[in-house]
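Visitor: Could you take me through one part of this model up close? I'd like to hear about the charged side chains and how they pair up.

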Amino acid sequence: MTKQNCLSDYSDCLRKIYIFLVSALVLLVCGPGQGAQAQKYDLLIKGGHVIDPKNDIDRPMDLAVRDGQIARLGDDIPGDSSGKVIDARGLYVTPGLIDIHAHTYYGTEPNRSYSNGFNALPPDGFTFRAGVTTVVDAGGAGWRNFTHFKNQVIERADTRVLAFLNIVGDGMSGLPEQNLDDMNPRMTALAARRNPEIVGVKIAHYSGPGWEAYQRAVSAGKQSEIPVMVDIGGAVPLDTLFLEVLRPGDIYTHAFGGASGDEQAVVYDNGNLREGMMEARKRGLIFDVGHGGGSFSFSTAIPAFEQGLKPTTFSTDLHTGSMNDGMKNMANLLSKYLNIGMSMQEVIEASTWKPAQVIRREELGHLSKGAVADIAVFKLREGTFGFVDAREQKIEGTQKLQAELTIRAGKVVWDLNGLSVPQWKEQ
């Protein structure tokens, strides 16, 4: 054998050893059957109709998730690029819903109402099953007890829990909500600046005379540069409140509650819009649904809708008195407005990107690459369905949203029909 042949055989041997080592490494990293095609994604949702209002997306697409974030939106992403593939054909894929009015400061303290009391609910039991991934507690805690709320609920929940801080230092514990002496704008603003989970100020159920309580809430909002949510407790002139006391970006919740002609209703008893409502909307006031157990009426909502006053944002006012009543959950609330006349794109925007803007958390509510992978997958059922308001009135409709799958930070947290798991096979 010549010297040249020996060198050739030696080089060939090294090449074969190199190929063997590389193949073994690929097998070790990718696992059997994956070959050289390493999996790029943790989860892939294929074939769903994606609605992402921020990015003006409204068509069938594939969506890939990696490391808890949106990794890619595109057409025909290969199925073998992901460790888990979900077939979403015939379903809608949206950002996780954002519910900006709920009561989640639950506890067992007597006579505490929605502030560590019996009327509030643990969020994880009622959010994911309706496609909600972010919920905002509406004033359960004030600056005096926010730390307890944060420790007991916010830091324990898988749902992202944010908060409107009550202008009353003791929170929503009942009659003290009338206590002007405990409405401290400076301390409220200080707590808001120190806690990023606080996205707004709440004033609720105040039935005293004058504007001072509302002005203190607005002062706290100004000092901390966050919006104010108003839940009216007494009869006040709405046009004055909207156009002179509140600021653009502030929120009127329970906006479509009351019977026609009530002082709080946005329509008169003849069904016509109250003066100043469209002007307030144009000025930037947020009209939030806040359905609850007693704060949504078809006799207000439908005439308002027909005259151009649509909800800016959807919210449930989730608590023990609304979850099993006409409200039920966020998906049911969106379904009501689908049947009243809003489009799918409109109800998704008003429950994702718009509320994210209202609470100034614009990293939420969309499916942009790099955004947190909070995702909802819905089936739009067709048939005959009944929808009930908070005044025991009913309408019938032909469309109903059903949350099939909810993903929070890349993790499947609700799967109604097992879309994300493999089929059982008899051994």
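Guide: Let's start with Arg112 and Asp170, whose side chains meet in a salt bridge at 3.1 Å, N to O; the term stands for a side-chain nitrogen of Lys or Arg within 4 Å of a carboxyl oxygen of Asp or Glu. Arg112 sits in the loop between β6 (97–102) and β7 (132–138) and Asp170 in the loop between β8 (160–166) and α3 (185–194), so this pair ties together parts 58 residues apart in sequence. Helices (H or I, at least four residues) and strands (E, at least two) are DSSP runs, numbered from the N terminus. Keep in mind that this is a predicted model: local features need pLDDT of at least 70, side-chain atom pairs count only at pLDDT 80 or more, and totals for chains, interfaces and linings use all residues. Residues are numbered from 1 along each chain as its sequence is written, and side-chain values use heavy atoms, leaving out hydrogens and water.

Asp170 is partly exposed, with 22% relative accessible area; buried means under 20%, exposed over 50%, and partly exposed in between (1.4 Å probe, protein chains only). The structure holds 13 salt bridges, and another of them links Glu363 with Arg361, their closest N and O atoms being 2.6 Å apart. Glu363 is partly exposed too, at 40% relative accessibility. Then there's Glu396 with Lys394, 4.0 Å from N to O, and both of these residues are exposed.
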